[in-house]
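Here is a short briefing on a two-chain model. Please keep the sequence and the 3D view open as you read.

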Amino acid sequence: MSILGTTSYRDGTFRIGDSRFDATAGDADARLASAWAALAQDYPRFHRADRLSRLVLLSAAPFFDPSGGPLREVDPEHVGMLLLSCTGSMESDARYCKLLRDEGVASPALFVPTLPSIALGELSIRHGLHGSGLCLLMPAPEAAALLPAIGMLRQQGMKWIVCGWADTFADHARAAFVAIDAEAWSDHDINRIQAHFDEQ
Amino acid sequence: MQRIPVWIGAAHGISALGEGIDGHVERMTSGGTALREWSVPASKPLVAGRIPADSLTEGPQRVQRLLDRCVDALLAEAAPSGAERWMLVLATTKGDIEALERGDAAASALPLLGERMRRRCGMAEPPLVISLACASGTAALIQACSAIQQGHCDHALVVGIDVLSRFVLDGFASLYALDAVPCRPFDAARAGTSLGEACAGVVVSRDKGRVPRLMGRWRGGAIAHDANHISGPSRTGEGLLRAVQSVSRQAGFSSADIHAINAHGTGTSYNDAMESIAFERAGLSEAPLSGYKGWFGHTLGAAGLLETAIALKALQDGVVIRTEGLHETGVPGRVNVLREDARARGPVLLKTSSGFGGSNAAVIIEAA
């Protein structure tokens, strides 16, 4: 079986496999911070990252957990990353655009995250991942659209893949991620990924 | 492993230099830069590569109309039929970001531009919409060719697009990444990039006879990440080196087999330094190298496709086009940057792109 682990996040409820953490108080940013705190990660950079990146960092962190994460000992050279989203960087776009409109000046700190693939950059920095990766934008989480991308990453020698849907705008933040053993991958496994997406 | 051959052709592109890939090569081998000073409302005057004004590229929804025009040109040549297995791939960084500037956030969602392309093409399946910062266009080409090799489709239409906007111009300005004069990739006096806008696309297919205006044969593509810094490239060229090494392994080529490099070449100090170091580390110091952003600016999500198409067409014509704006090479790695056009030594092109987030993409294509 190629699916090594799953996580999901829905507006404050964070699931790692069958375990669950609820952070229902506060706004979208506060709930994400609570879920991150529950993981007890020593990574201050998380709090400086944009919302989409924080959602991706949170979703992938359990896969690299040194006390049992399925990717804790893998070669980061061969870990690929796939991110699906509809809203992409729209939350960051709106924040940056408001600053431009209200104050007439741009901020590098707000401009750079107006690219959805910045979340892959943050993930690669967090876990030292040098592998291949793509960000795909689509209206809804359609796992079948991942098949060519998973194939491409396998073609480029990726042995493991961190892959998922992350979507956030205004007070909405949802994610569903899987860790994949790319060498054990069968295209039929896409049904398990879709089922995981559908649970959200 | 024996891989299915994939063929590339029917390229089309619209940029500040004009329309059509043949026209781009003609202008680049006979004229000068299309970068001009441009005043953006509420911004300081700057140098940019703006598509010449006409009825299709002015006013609201210009990104959609630009996409339509490029897609129509590709469809007219490729003439896809419903009986064939086509895939659509669209690369962009900001899509219709002007919609957000007008206060319509929902209309700026990138999947909507993909839906526009699907309808224009009259196909049932929406495109894969790929966003990988400034490596988007090259990544889209890699995804399309890989999908054909894996049997997900037989043919693909791959398009990249981004337009100039205050959103992006002010953002690059805030990073002090824009030169006050037309950008000078790899030059000792370079002081930043110049932004541009473009829409460019190609047809790729497993059927050589199905590709109009055949341009080249796909030899491989790879993406790698720096895992180093979110807005600055690796000082050691780590991610780009890995991408180049990976694609060279796929192609079965050594550095001596590369006849021309078309680099990302933004004109920023850090990017061009990083690339020079990566190419030297990859043993590519002698390969003729050029960057095209001095001609029409950095066209972001369209850059990889537009520049690949031009470089391939030039190789078909037996030329490696110079780096516009270069007077004296000034980068830390030893590279052979062309100040003048050169006769091509052979047909093999290495094209690379790099972007924020530490993404790097590299492809090898053999001109037909």
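Residues 24 or more positions apart make up 65% of the contacts in chain A with a separation of 6 or more. Contact means heavy atoms within 4.5 Å. This is a predicted model: local features need pLDDT of at least 70, side-chain atom pairs count only at pLDDT 80 or more, and totals for chains, interfaces and linings use all residues. Residues are numbered from 1 along each chain as its sequence is written, chains are lettered from A and ligands numbered from 1 in the order in which they are written, and side-chain values use heavy atoms, with hydrogens and water left out.

**Chain A overall**

- Chain A holds eight helices and seven strands. Helices (H or I, at least four residues) and strands (E, at least two) are DSSP runs, numbered from the N terminus.
- The radius of gyration of chain A is 16 Å, which agrees with the value near 16 Å for a compact globule of 200 residues. That radius is taken over C-alpha atoms, and the globule rule is 2.2 Å times the number of residues to the power 0.38.
- Along the principal axes, the C-alpha atoms of chain A fill a box of roughly 50 × 30 × 30 Å.
- Of the 200 residues in chain A, 60% count as buried. Buried means under 20% relative accessible area, exposed over 50%, and partly exposed in between (1.4 Å probe, protein chains only).
- Chain A exposes about 7,500 Å², and carbon and sulfur atoms supply 49% of that area. Accessible areas come from the Shrake-Rupley method with a 1.4 Å probe; for residues, only the protein chains shown count as cover.
- Chain A carries 17 positive and 25 negative side chains, with the centres of the two sets 4 Å apart. Lys and Arg count as positive and Asp and Glu as negative; His and the chain ends are not counted. The place of a charge is NZ of Lys, CZ of Arg, CG of Asp or CD of Glu.

**A hairpin in chain A**

- Strands β2 (residues 13–16) and β3 (residues 19–22) of chain A run antiparallel and are joined by four bridges. Two strands pair if DSSP finds at least two bridges between them.
- Arg15(A) has Arg20(A) in β3(A) as its bridge partner.
- Two residues sit between the strands of this hairpin, and Gly17(A) takes a positive phi near 60 degrees.

**Sheet pairing in chain B**

- Strands of a sheet pair through backbone hydrogen bonds, either parallel or antiparallel.
- An open sheet of three strands in chain B has the order β3-β4-β8, with mixed pairing. Its edge strands are β3 (36–38) and β8 (195–196) of chain B, each pairing on one side only.
- Three bridges link β3(B) to β4 (residues 46–49) of chain B in the antiparallel sense. Across that pair, Glu37(B) stands opposite Val47(B) in β4(B).

**Strand β10 of chain B**

- Strand β10 (residues 214–225) of chain B is largely enclosed by the rest of the structure, because nine of its 12 residues are buried.
- Strand β1 (residues 7–15) of chain B pairs antiparallel with β10(B) over three bridges. Here Ile8(B) stands opposite Gly216(B) in β10(B).
- Strand β17 (residues 359–367) of chain B also pairs antiparallel with β10(B), over nine bridges. His225(B) has Ser359(B) in β17(B) as its bridge partner.

**Helix α5 of chain B**

- Ser136(B) lies in α5 (residues 136–150) of chain B. Ser136(B) is buried, at 0% relative accessible area.
- Beyond its neighbours within four places in sequence, Ser136(B) has contacts that include Ala91(B), Thr92(B), Thr93(B) and Gly301(B).
- Gln143(B) also belongs to α5 of chain B. Gln143(B) is buried, with a relative accessible area of 0%.
- Not counting residues up to four places away in sequence, Gln143(B) touches Leu134(A), Pro148(A), Ala149(A), Met152(A), Leu128(B) and Ile130(B).
- Gln143(B) and Gly221(B) are 78 residues apart in sequence and 8.5 Å apart in space, C-alpha to C-alpha.

**Positive phi in a chain B loop**

- Most residues other than glycine have a negative phi.
- Tyr176(B) has a positive phi near 55 degrees. Tyr176(B) lies in the loop between α6 (166–174) and β8 of chain B.
- Phe186(B) has a positive phi of about 70 degrees. Phe186(B) lies in the loop between α6 and β8 of chain B.
- Which of the two states, buried or exposed, applies to Tyr176(B)? Tyr176(B) is exposed, with a relative accessible area of 75%.
- Phe186(B) is buried, with a relative accessible area of 0%.
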